[in-house]
Amino acid sequence: MGINFLLLFFTALGAGSLVFFAPKFKDKYFKLILVFAGSYLFSITVLHLLPELFSSGFDGGKMGLFILIGFLLQQILEFLSSGIEHGHIHHHHGESKSGVITVMLGLFIHAFLEGTLLSHGNLVDADSMGHLHSGKSVLIGIIMHKGPAAFALAAVLSSSLSRKWTLILLTLFALASPLGMFSSAFLFENGILQKEGIGMLYGLVVGGFLHISTTIFFESSPHHTFHWNKLLVSFLAAGLAIASEYFI
């Protein structure tokens with residue numbers, strides 16, 4: 001998990017820090033990056049996470065309920081974070097302290113929960129869970145998702161806070177997923193979190209992934225206009241998800 005920690009932490013910190021060095025923000029290219037990340041996240045959820053959850057021995061009806069709750073929970077978290085986790089960049093000059101806290105709270109909870117997926121291979125025995133992933137495909141998806149989210153967060157924070165405080169809060173966000181990964185592993189290994197609790201956590205995260213990825217798709221074409229570049233990017237991301245799931 002040490003490598004996962006480094007990848008998660010420095011991806012978020014590095015992507016967010018680009019706000020201070022990028023000569024000019026290009027909304028067009030950022031949206032393509034979001035579409036690629038959203039397509040990969042959706043693909044790996046459908047190809048891997050959903051089949052694994054429903055073949056893992058958990059009650060199918062309860063798992064469906066947890067996924068639905070996760071979907072709805074993500075709507076609440078996005079209300080707090082203003083949708084930064086799927087690339088919304090709103091510059092609020094002079095934003096209040098409470099507003100910054102609300103954004104950070106929504107993003108931290110979301111990132112913490114998704115980090116629990118990466119302790120999966122260390123938490124559950126392969127024989128009891130059926131198809132057990134190596135974590136590579138899911139790790140790639142979370143990294144792709146965290147990069148744009150960190151950039152959007154830094155862009156919002158830097159418009160109303162100093163560079164020092166922007167970097168402090170960005171570092172806190174970068175630590176959220178690794179903390180979720182280590183916390184769930186610790187709780188499970190010490191018998192505090194049981195297999196049913198693991199299933200509930202994964203269901204919540206999968207529901208959140210479905211909400212985020214589909215929201216990115218819908219918002220990338222708000223007037224239902226057809227764009228070849230976005231279609232091509234979506235197909236490339238889906239192809240990468242297939243390759244990472246079945247060939248890596």
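The questions and answers below go through a predicted model of one protein chain.

Q: What share of the contacts with a separation of 6 or more joins residues 24 or more positions apart?
A: The protein chain has 248 residues, and buried residues make up 49% of them. Among contacts with a separation of 6 or more, residues 24 or more positions apart account for 85%.

Q: What part of the accessible surface belongs to carbon and sulfur atoms?
A: The accessible surface of the protein chain comes to about 11800 Å². The part belonging to carbon and sulfur atoms is 71%.

Q: Which element gives the largest share of the largest nonpolar core?
A: This core holds 51 residues. Ile84, Met104, Leu117, Leu118, Leu153, Phe173 and Phe209 touch the most other members. Elements giving two or more residues are α1 (2-17), α2 (27-54), α3 (60-81), α4 (97-115), α7, α8 and α9 (195-220). Twelve residues, the largest share, come from α7.

Q: How many residues form the second, separate core?
A: Its members include Ala37, Tyr40, Met144 and Ala241. The second core has six residues.

Q: Why does lysine 146 have no salt bridge, and which side chain of opposite charge is nearest?
A: Lysine 146 is found in helix α7, residues 136-158, and is buried. It touches Leu8, Ala12, Ala111, Glu114, Phe173 and Ser177, leaving out residues up to four places away in sequence. A salt bridge needs a side-chain nitrogen within 4 Å of a carboxyl oxygen. The nearest side chain of opposite charge is 4.2 Å away, so no salt bridge is counted; that side chain is glutamate 114.

Q: Is leucine 77 buried or exposed?
A: Leucine 77 has its place in helix α3. Beyond four places in sequence, leucine 77 touches Glu85, Gly106, Ile109 and His110. The cut-off for buried is under 20% relative accessible area. Because its relative accessible area is 4%, leucine 77 is buried.

Q: What distance separates the C-alpha atoms of leucine 77 and valine 103?
A: The two residues are 26 residues apart along the chain. Their C-alpha atoms are separated by 8.8 Å.

Q: What distance separates the C-alpha atoms of leucine 118 and leucine 139?
A: Leucine 118 lies in the loop between α4 and α5 (120-123). It is buried, with a relative accessible area of 8%. Leucine 139 is 21 residues apart from leucine 118 along the chain, and the C-alpha separation is 6.8 Å.

Q: Which residues is phenylalanine 182 in contact with, leaving aside neighbours within four places in sequence?
A: Phenylalanine 182 lies in helix α8. At 35% relative accessibility, it counts as partly exposed. Its C-alpha atom is separated by 8.0 Å from that of methionine 1, 181 residues apart along the chain. The contacts are Met1 and Phe5.

Q: Which residues make the nonpolar surface patch of about 300 Å²?
A: Leucine 187, one of them, lies in helix α8 (residues 163-189). Patch residues need over 30% relative accessible area. Leucine 187 counts as partly exposed because its relative accessibility is 31%. The patch is made by Phe186, Leu187 and Ile192.

Notes. Residues numbered from 1 in each chain as written. Predicted model: local features only at pLDDT ≥ 70, side-chain atom pairs only at ≥ 80, totals over all residues. Heavy atoms only, no water. Helix = DSSP H or I, 4+ residues; strand = E, 2+ residues; numbered from the N terminus. Buried < 20%, exposed > 50% of the residue type's maximum accessible area, 1.4 Å probe, protein only. Lys, Arg positive; Asp, Glu negative; His and termini not counted. Contact = heavy atoms within 4.5 Å. Areas by Shrake-Rupley, 256 points an atom, 1.4 Å probe, with all protein chains shown as cover. Patch = residues over 30% accessible without salt bridge, like charges linked within 9 Å, V, L, I, M, F, W, Y side chains within 5 Å. Core = buried A, V, L, I, M, F, W, Y, C linked by side-chain atoms within 4.5 Å.
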